[in-house]
Structure formats: structure tokens, C-alpha cells
Amino acid sequence: EKLLDWFQELTMFDPSVELVQDNPCLTEFITSVLALPKPSPSILSFTLQLAGILAASENRFQHLQQEQLLVRLFGGDGPLNSAEWEDASVRSGWVKGVHSMMHHQPALHFLCNGGGIDVIFTLQGDPSLFVASAASQLLVHMLTLSVESETTKPLSTKDRDWPACAQMIIKHIEDSLQSGSASRIEQSLKLLTSLFGSCRAAWTEVLWLGIAKQIESFFMEETVQAPHMLANLLLNMARSPVFCDTEGGFWALVTSALERLTPVQAGPLVVGILKLYKCPQDVRIQALTVLLQPMDCILRAASQPLEYAGVLDESVSDPITVESLLSSKSSCASLLCQTLAHLEELLSLTHLPVDLPYPSLLHSLTTILQFCNGFLSPASPLGSKISRILINCFRVQRSALDVLAALSERKGCDVLTGGLFDVLLAYLESPNTSPTVLKKTFQATSKWLVRLQELSCSNSQWQQTRKILEDIFLVLQKRLCSPCWEVRDSSLEFLTVLIKCLRDQDEFRQSLLSSEVPRLTESLLDDPESYVRASAVTAVGHLAFITCFATESPVVGNQYHKENTVAKLQEILSTDPEGFPRRAVIRIFTKWLRQGCTGQLKDTEQFVSRVIQTVEQDLDWEVRLGGLELVSVFSSQTVCQLGLPEHPYAPVPSAVTSSIQEKELLQIFCQAKLFSFLFRSLCDCDKPVGQRACDILLGLRSDFYPVYTPRDSQETGDSPAGHSIAWLQRTLRQGSLAQNFPTDGVNGVDFEDPETMMLALGTIDLEELHDELNKSSDHVEKSPQSLLQDILATMGTIEENEADCY
């Protein structure tokens, strides 16, 4: 495969015949393979593909023709009639080879006149799906090439106006569609779907006019054949500008398809139409009706007599089909899941070409969720059937909750919020709610709480908001104590999301702090499950914005509480046996630092110093990488605080001011042991750590040397600092192979000496290190030398080394 890709690129750059003439080894190789009595299928497949790549140029094609190589490979005397043809890899190589050469008319005529096109027709039904798909794509390519390279005037539906090769393919399509054979019909439908999906030329409409009646007849049959393929065909046509702008029979056929196909069969066509901007309004309305029929049926089945209007403005013309599907145990869940998936897909679009009835949809979703947990006892016979089928149906619950979460972001869902939260709370409280469904419920609840907060601000519904929050925190207290670790984990994630979104709201803070949730959250820092401990760390970290770092914190003993929290997280960072909690700690510390929550500069310096001394000993490279991110934030903030001119409008600081600030900055960085951590990280055995450290050092150098000119190491003189910097440079060039990183001793580097570190930043070639760290292994693994070594490795014991070569 690598070698074929290489030849493909080579022939693109050099289309001349000299490529073959100047390299006779290529034709010799093909000849030698053809001379073998029983060539290996993989070698034969490779040869077919290689020949196709070489024949992609018309000049090279003619040369290979003169050598009689193409006839022996792709003609009737080649592998077609040999035992090797039974191997799917040979058939695949033949199709790929033909596809590669199909870039000019001589190749087209060679295949059509030599009977090769009949082989492709046969391969459409190949038992290997890969071969069959490749054959179909090849026919599309050949039809397009034939029409676009061999016609000089607009085409008509008369056969004599089509080029010869195109006529053969079109006749094959027509014969297959009229054959009555399900497999042949499906093959032609796949071909047409691919053609209309890839080709937007006007001649495709001429082709369509010749087969439209036959396609239309399929929808008139009592049982529609290949319904999903027909739906995909119409959808690809609807996306094409050739058909979407027409007012004629095409859209009438789409309307007929929407009427004749079942909701399950029509689903992909419906959602595709609803995404189109160029679509007749009546077709869009009909597609929307088909999509919403199940939701409408659910709503109407929920009560008897009808208490609410359905989803649709008018009752559907023939609801019997949908009702029968929803009342059947084998189809009810599948239909609802497909409908809900399509609704979620539409709701994910930024601009939706169609208006959905959001309030009715919201009511329908809550009804489905009530059916699923048994909280609704409908009086209608259909509702009773649906209720029995959907009880504890996790698939439908998950899908409905996903759509419910998506609806929270749409305007027009301002009603029924009370009933909505009743349903969500019922799921949060119920012991029958599975952990997966509970997680989805948490996600939907958090989004609707944010939505409710927006509504409360505008409608003064503070009392309702406070009551809902109190109920949710009562449930959350129980869930945080669940024996199931997945439930505890999801509960902590839910709490974190709520704090992120609502921490600035007084009602939220009061409800949270008056509950047991903060205490229970902190207790889960010692949970036996590492995933839960990691989620607890994240939740406690965000909780600290309210309990520790708030301007006017309502917590008594705030300073003591803050020190305890920091100490506990530092303990986890240094002692937790699992990586997940430690990674969570370093992320939280970095977030605190970004938000300016670690106190004055001196406190921040000590905090960062303690953290990075712990992190640099950590065996988890993601923790070390997180430590570098902490250093990056700290250094940027410190430079911003101390590295600016005294006067905010001064274009350049004075030399005295700059010198003082420079020394102060270096002193802070050295005392925090930043340079020791950064230079050690350059030799880290995990490349991402070294790359990030190098980026940070380059940033620091630009702060201290705004106009940098490389300094020769000899300029540092014979001072001890100069010797140590030279040694450091040599050690850094060894990278992760460095055995003893310099720390102290005769040649040791004093990373806490500002002058030495200033010298190091000005002397060490960080660009060279940056290039080495960012150099991919591809320069070795994908080189011609490596490729030749792979090929040579197959000599002698082919079976043993074949996979390695691939």
C-alpha cells in the first residue's frame, strides 16, 4: 500500500512516457509476474494496481499497450479466467487498476471494446462487499468520463445521442431496473444514488427522464422493494441543483414516496428534506408531518378525552400505520428512537429551515418519559398499550432525554417548566432509573436549570426557582451516597456543571450552601473508586469559588476552610495511587491560578513552587504536562504584573525600570524553582512534556530578550557559570537519553541563580531543541530507505514478513 501510494504521487508529478521507458524495471516486473505459473494473489493484485496507476497517463497507456501488457492484465487472457480470480484481493486489484487508468478515452474504449465492462457489471454483485462497492463506483466514474469527454452538444433521451460506453452502462441500468431481480435492482439503485450524489451536471436530468417511470412504479407496488435505497436515491437527487429547482415530476415523486413509505423507511429522506433550503413548501410540510406523526400519536394517546392539542396543527391523514407501529412491541421503541434521533439532529443545526412546534414537542417528550417510568396511566386503549411496551425502556428514555436537553436551547419553550421539572425530579429520585439514564437526566436537568434561571430573571419567578433548586439538592444528597460508583460520579459531574453555570446566582448559592451537598462532596475525595475521586476533586475545586474564594463568602471560618481544601488537594496530588485524581488536581490548581484565586504574589509563588516540586516527581506524563500549564499561566501573569512600564502610556520602559523589573522577575522565577522544572522537562521521556517546556522557555526568552541574537557559548567565558551552561546545552541535546541531569556538583547548574538563568536563556539554542522535539518519526519510518528495507525484508521468507512489510 505504501509503495502504491508512492507510485501514485510519482506519476502525478511525471505524466510522461519517459517514466516507464527510463525505468525498464517496471515493465520487466509486470512481465515477470505474468510469466509466473501461479503468482501469489497479493503480488498479482499489486501488479494490477501498479499497471493501472502507470496507465493513467495516455502516453504511458499507449506504451503499455504496445508491450501487450494491459491486454494480458485486464483482458480475457489475463487473471479473469485464472484460478487466482477466485481470490477477492485479485478482483479488488483488477477494479482498482481499471479505476486508476480511467482518465482518458483510449482507456475507456480499451475496456468497453474488450469486454471488460461486462466484467464490471458482474462484479457489481460480487460476494465481497468491497469489490461490489468498488465496481459500482467505477461504473459511475466511467459513465461520467464517457459523457463529459465524448459529447459536444446537449444530450437527449435518444440512445444515439449518448456515447457508446455511456449507452452500454445506461442500458445495463435500465435492464436491471426492469429485470424483476431484487439483487440487480438494488445494484442499479446504488449506482444511481452514487451518480446523483457525486455528479451535478445537466445531463443527469436527461438520464433520469429515461428511468423515472420505472422508479415511480416501484412505489406503486403493494410492497415497496428496497425502500431505504429508494429513499437515499431521492435524497441525493433532492440535494442536487439539477433537480431541486425543478417544478415537475421529481417533487411529485418525493411526495408519493413520503405517502407510500412507512415512517421508519422514510425517516432519512424526511430529515434530509427538512435540512434543505431549496424545497417546495408543500413537500417540506409533508415531510414535517411524517416526522412528527409518532410524537403526535403519543400525545393523543396519553389522554381520553383529549386534553391537549396534538403536535400537528391538523390530525394526520392516515394515523393507522403509526398507531399500529406504536402498539407493536417489536416496532414501538425503534420508531420512537429513530424519530427522536432525527429531531435531535435537526435541533443541533444552527439555522433550521423549518419551524418546529417547540411547546407541543416538549409536552410530547415529557409524556414519553412518563410512559417509560410508569407515572402515567392513560385511559385510551392505545395509550395503555404504549405504556406497557415502554415501561423501563432505556433506549427510548435516553433518546428522549437527549432531545429534551437540545430543546432547552430553543426559544418558545417557556411554558410547562413546572411539569417538566416534576418529570425530571421523578427520574432523579426513582431507584429504577439506570445509571446511564440518570446521567442523561442530570445533563437535561442542568440545561433546563440554566434556562429556568433566564426565565426567572425576566419573569420574577424566584419562588419557583428556589423550590426546584431545593428539591434537586435533596435528591443530589441521596445520589452522592449511592452504593453505585457510576451514580456518585455522575452526581459530582452534575454538581460541577451547575456551579460553572449558576455560581453567580444568589438563589443557587444559598440553596447549595444550606444543603449537605458541599460536605458530602468533600467526603468523596476519599472515595475508593479513582474516577469518583477525580470527579470529587473537580467538584471541590469549583465549589471553592463559592466557599473559599468568593468576595463575600457566607462560610464561617473561610480562611481555615480554604487552607484545608488546598492542603487536601495537595495531599491527593502527592499520594493518590491513581492518575485520574492527580490530573484533576493539577487542572483545578491551574484554573484557580487563572482566576486569580491563589492570593498575593508571594503566596502564589510559594503555592506554585510547592506544586511543581511535587509534579516533577510524578510518573504520569499528563500530570507533568499539567504542571507545565500551571507554570505557563504563572509566568504570564507575573510578567504582566511586573514586566510592564511604570507609566501605562510609555512606549518603552526606561533602562533603570526595565533592569529592576527584570531582576525581580528572575528572582521570583528562580525562587519558585521554575527553571529547574522547565529544563528537566526538556529531557522528559514523553515528547509532549518536552515540547511544552520548550515553548514556555522560548516565551520567557522573548520576555527577557525582546530582540534576540544567538550568543556563542564561547562568549560566556571560563566562569563556572559558563562551564555549567555549556554542560547543560550538551545534556539537553541528548534529550530523553540524558542519564544524569545536572543538578549540583562540579559541573552542576544553579537553577536558583538569576544571572546563571539569564545566561542560560541567552546562550542555549532553544530553536534547535524545539525542532528536534517537534520532528516526527515519519522522517525515518516513511523514508525511501525504510521502504526499501521493508521490501528487502520480504525476500526469502515471504509468508513470515509479509504483514510486517504492509
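Which residues line the largest cavity? In this predicted model, the lining is made up of Pro263, Ala266, Gly267, Val270, Val290, Leu291, Pro294, Leu335, Gln338, Thr339 and His342.

**The cavity and its surroundings**

Let us stay with this space for a moment. The structure holds one cavity of 30 Å³ or more, and the volume of the largest cavity is about 60 Å³. Sorted by class, the lining residues are seven nonpolar and four polar, with no charged residues.

Helix α18 spans residues 281–301 and also holds glutamine 286. Is glutamine 286 buried or exposed? Its relative accessibility is 18%, so glutamine 286 counts as buried. Leaving aside residues up to four places away in sequence, glutamine 286 touches Thr255, Leu258 and Glu259.

**Aromatic pairs**

Now to the rings. A pair of aromatic rings is described by the distance of the centres and the angle of the planes. The structure holds 22 aromatic pairs, and two of them are set out here.

| Pair | Centre to centre | Angle between planes | Arrangement |
|---|---|---|---|
| Phenylalanine 243 and phenylalanine 250 | 5.7 Å | 45° | tilted |
| Tyrosine 531 and phenylalanine 580 | 4.9 Å | 35° | tilted |

Phenylalanine 243 and phenylalanine 250 are both buried. These two residues also belong to a cluster, in which ring pairs link Phe196, Trp208, Phe243, Phe250 and Trp251.

The other pair in the table has its own setting. Tyrosine 531 is partly exposed, at a relative accessible area of 39%, and phenylalanine 580 is partly exposed too, at 32% relative accessibility. What does the pair of tyrosine 531 and phenylalanine 580 tie together? Tyrosine 531 lies in helix α30 (residues 530–547) while phenylalanine 580 lies in helix α32 (residues 579–594), so their pairing ties together parts that are 49 residues apart in sequence.

**A charge over a ring**

One more ring deserves a look, this time with a charged partner. Which ring does the charged end of arginine 503 sit over? That ring belongs to phenylalanine 545, and the charged end of arginine 503 is 4.2 Å from the ring centre.

Conventions
Residues are numbered from 1 along each chain as its sequence is written. This is a predicted model: local features need pLDDT of at least 70, side-chain atom pairs count only at pLDDT 80 or more; totals for chains, interfaces and linings use all residues. Side-chain values use heavy atoms; hydrogens and water are left out. Rings of Phe, Tyr and Trp (its six-membered ring) pair if their centres lie within 6.5 Å; planes under 30 degrees apart count as stacked, over 60 as edge-to-face and the rest as tilted. Buried means under 20% relative accessible area, exposed over 50%, partly exposed in between (1.4 Å probe, protein chains only). Helices (H or I, at least four residues) and strands (E, at least two) are DSSP runs, numbered from the N terminus. A charge sits over a ring if NZ of Lys or CZ of Arg is within 6 Å of the ring centre and within 35 degrees of the ring normal. Contact means heavy atoms within 4.5 Å. On a 1 Å grid over the protein atoms alone, a cavity is a set of points where a 1.4 Å probe fits but cannot get out, and a pocket is an open set with protein on both sides within 12 Å along at least five of seven lines; lining residues have an atom within 4 Å of a point. Grid points are joined across faces, edges and corners, and a volume is the space filled by probe spheres set on the points. Ala, Val, Leu, Ile, Met, Phe, Trp, Tyr, Cys and Pro count as nonpolar, Asp, Glu, Lys and Arg as charged, and the others, Gly among them, as polar.
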